[in-house]
Amino acid sequence: MQQVLYLKDASIFQGDSLVLSDINVEVNKGDFVYLIGKTGTGKSSFMKTLYGDLPLTKGEGSIVDFDLRTLKEKDIPFLRRKLGVVFQDFKLLTDRTVNENLLFVLKATGWKDKKEMTTRIEEVLNKVGMKTKGFKFPHELSGGEQQRVAIARALLNNPELILADEPTGNLDPQTSVEVMEVLQDINKNGNTILMATHDYALLLKYPSKTLKCDDNQVYEVVQKKN
Amino acid sequence: MSSSFDKYQKRRLISSYFSVVLSIGLVLFLLGLLGMLVINAKKVSDHFKEQVVLTIYLKDSAKDVEIKQLEKSLALSDYVKSTEFVSKEQAAESIKAENGEDFMEFLGYNPLQNSIDVHVKADFVTEERLQVISEEALTKSFVDEVRYDNDLVTLMNNNVKKISFWILVISGLFTVIAVLLINSSIRLSVYSKRFTIKTMQMVGATKQFIRRPFVWKSVRLGMIGAILALIGMAVVLYYVNQTFPELNLMNNTVLLVVLFVGVFMLGIIITWISTFIATQRFLNLKTDQLYY
């Protein structure tokens with residue numbers, strides 16, 4: 001099994017305050033891992049540490065072959081190219097269309113060939129079922145559609161790990177399930193996904209390995225099967 | 001429906017660019033005007049200084065040859081710009097024209113003297129130099145008196161110094177204002193995109209890649225503003241030159257070209273640097289800090 005994420009005795013600080021301590025986590029290639037916990041237990045801080053928005057100052061950690069302890073500011077963009085990040089609030093570029101959003105990512109990550117870029121954009125939009133909406137602006141799409149585009153964006157560079165920080169947090173239950181189906185499909189195609197959520201209904205519907213943040217700790221919980 | 005929305009969006013964008021361009025343009029225009037003033041300050045002050053007349057009054061007994069000789073030697077000396085012999089009849093005529101009454105009629109004779117009007121070169125219009133010149137003229141036996149407006153000379157020299165000093169101060173002040181004003185309009189336009197910038201970072205774009213389009217856009221706005229400023233400067237230059245052709249404003253072609261190019265470069269450099277700093281500021285912030 002190939003490891004894509006591993007943390008050993010790591011502590012996460014938000015400013016000066018300790019959020020999580022003694023984290024020991026391993027994620028292998030092809031896994032689908034939930035990260036659950038109440039609001040304020042440090043799920044987002046945990047995710048931020050993984051994509052380099054918070055520095056890891058204590059403990060060991062490595063993600064897609066980047067050492068989180070020694071991560072330099074200038075390496076962060078290159079770490080993020082090997083990750084796909086999906087946010088609760090979608091974070092699409094609102095001043096351009098879906099296609100241009102995706103095109104920006106490709107250009108920013110070093111793609112040059114125009115034809116290849118167009119093909120790749122079509123591919124990822126097709127995967128999330130948004131092939132016909134490429135010409136639209138984000139504000140012309142529903143929340144669920146925007147989140148699908150965000151997932152498509154995360155897929156562009158074939159990331160070794162997709163970090164989804166409450167991807168269904170802003171969506172209604174029905175749409176949540178649709179977005180979840182997309183994530184499940186992607187996982188079946190071999191992508192590794194770490195998803196933070198507080199939506200227990202989804203956990204029950206799509207059971208998988210689950211980590212829980214509580215009381216400054218992260219530990220694995222075993223789901224009871226009925 | 002959507003096209004009218006797009007149009008509205010575009011108009012809104014254009015008007016926000018418009019204010020940036022306008023502030024850059026206006027500030028550069030004022031700076032350019034000051035620059036032209038500085039370039040031509042010496043010329044303008046020289047122009048006024050050379051209006052100062054040193055009049056050498058000659059005794060009636062002076063011979064034509066002596067007068068001619070004095071005039072010639074004055075004309076040859078390096079401090080004199082021009083000389084003009086004014087006979088007492090000419091002097092009487094000009095006084096008559098000025099006052100509108102003929103004083104010779106009730107006096108019965110012409111009390112005026114023949115004189116030579118000397119226009120001294122601007123660099124020599126100082127109290128000391130004029131003193132020396134007049135003393136030299138007084139050594140001639142046929143010279144009766146030398147007169148010039150000493151107070152005017154002192155006043156002018158003091159004022160020229162004061163004015164040049166203040167022009168420099170104001171130019172400096174304007175440069176600072178220019179930088180601050182342009183900087184703040186650019187900061188605002190970058191600030192409005194701070195979440196976009198953060199999102200771009202989240203998807204793996206390098207700082208340089210994100211910064212480039214911002215810098216390029218501002219520099220383009222800076223160029224447009226600078227061109228507007230240059231057009232304004234050219235118009236002003238043209239009209240001033242038409243109104244005061246004696247100042248020969250166009251003569252300093254090299255300096256003027258340097259000034260025009262300089263203003264254009266300043267437009268680019270200021271927008272470049274302030275966009276760079278503004279984007280860098282938001283690029284270096286962590287996501288949480290964006291909300292403060």
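User: Hey, B:Phe124, is that one buried or exposed?
Analyst: Buried: in this predicted model, B:Phe124 has a relative accessible area of 19%. Since the cut-off for buried is under 20%, that value qualifies B:Phe124 as buried.

User: Where does B:Phe124 sit?
Analyst: B:Phe124 lies in the loop that links strand E3 (115–120) and helix H5 (127–138) of chain B.

User: And what does B:Phe124 touch?
Analyst: Setting aside residues up to four places away in sequence, B:Phe124 touches B:Asp78, B:Tyr79, B:Arg129 and B:Leu130. Take B:Asp78: it is 46 residues from B:Phe124 in sequence, with 9.6 Å between the C-alpha atoms.

User: Nice. Staying in chain B, how do helices H6 and H9 of chain B cross?
Analyst: The axes of H6(B), residues 150–191, and H9(B), residues 253–284, come within 9 Å and cross at roughly 40°. H6(B) and H9(B) are therefore oblique to each other, and their crossing is right-handed.

User: Which residues make that contact?
Analyst: From H6(B) there are B:Val179, B:Ile182, B:Asn183, B:Ile186, B:Arg187, B:Val190 and B:Tyr191. H9(B) brings B:Ile270, B:Thr271, B:Ser274, B:Thr275, B:Ala278, B:Thr279, B:Arg281 and B:Phe282. By class, the contact of H6(B) with H9(B) has 8 nonpolar, 5 polar and 2 charged residues.

User: What about H7(B) against H9(B), at what angle do they cross?
Analyst: Roughly 60°, with the axes of H7(B), residues 194–202, and H9(B) coming within 9 Å. That makes H7(B) oblique to H9(B), and H7(B) passes H9(B) in a right-handed crossing.

User: Which residues meet there?
Analyst: B:Arg194, B:Ile197, B:Lys198 and B:Gln201 of H7(B) meet B:Thr279, B:Phe282 and B:Leu283 of H9(B). This contact of H7(B) with H9(B) divides into 3 nonpolar, 2 polar and 2 charged residues.

User: Switching to chain A: what's the strand order in the open sheet?
Analyst: The order is E6-E7-E8-E3-E9-E10 in chain A, 6 strands with mixed pairing. Strand E6 (83–86) and strand E10 (217–221) are the edges, each pairing on one side only. On average, neighbouring strands are turned by 20° against each other, direction ignored.

User: How many bridges join E6(A) to E7(A)?
Analyst: There are 4 bridges between E6(A) and E7(A), residues 161–165, and the two strands run parallel. One bridge partner to look at is A:Ala164 in E7(A), which goes with A:Val86.

User: Which helices pack on that sheet?
Analyst: Helix H1 of chain A, residues 43–50, touches strands E3, E6, E7, E8 and E9 of chain A, and its direction makes about 150° with that of E8(A). Helix H5 of chain A, residues 143–155, touches E6 and E7 of chain A, making about 170° with the direction of E6(A).

User: Last topic, the hairpin. How do E1(A) and E2(A) pair?
Analyst: E1(A) and E2(A), residues 17–28, are antiparallel over 8 bridges. A:Leu5, for instance, has A:Val27 of E2(A) as its bridge partner. The hairpin has 2 residues between the strands, and A:Gly15 takes a positive phi near 70°.

User: And what is A:Ser11 in contact with?
Analyst: Beyond neighbours within four places in sequence, its contacts are A:Leu18, A:Leu20, A:Ser21, A:Asp22, A:Leu56 and A:Lys58. A:Ser11 belongs to E1(A), residues 3–14, and is buried, with a relative accessible area of 1%.

Methods
Residues numbered from 1 in each chain as written. Chains lettered and ligands numbered in written order. Predicted model: local features only at pLDDT ≥ 70, side-chain atom pairs only at ≥ 80, totals over all residues. Heavy atoms only, no water. Axes fitted to C-alpha atoms, helices over the stretch in contact; angles between N-to-C directions. Parallel < 35°, antiparallel > 145°, perpendicular 65-115°, else oblique. Left-handed = near helix turned anticlockwise from the far one by under 90°. Contact = heavy atoms within 4.5 Å. Nonpolar A, V, L, I, M, F, W, Y, C, P; charged D, E, K, R; others polar. Pairing = 2+ DSSP bridges. Buried < 20%, exposed > 50% of the residue type's maximum accessible area, 1.4 Å probe, protein only.
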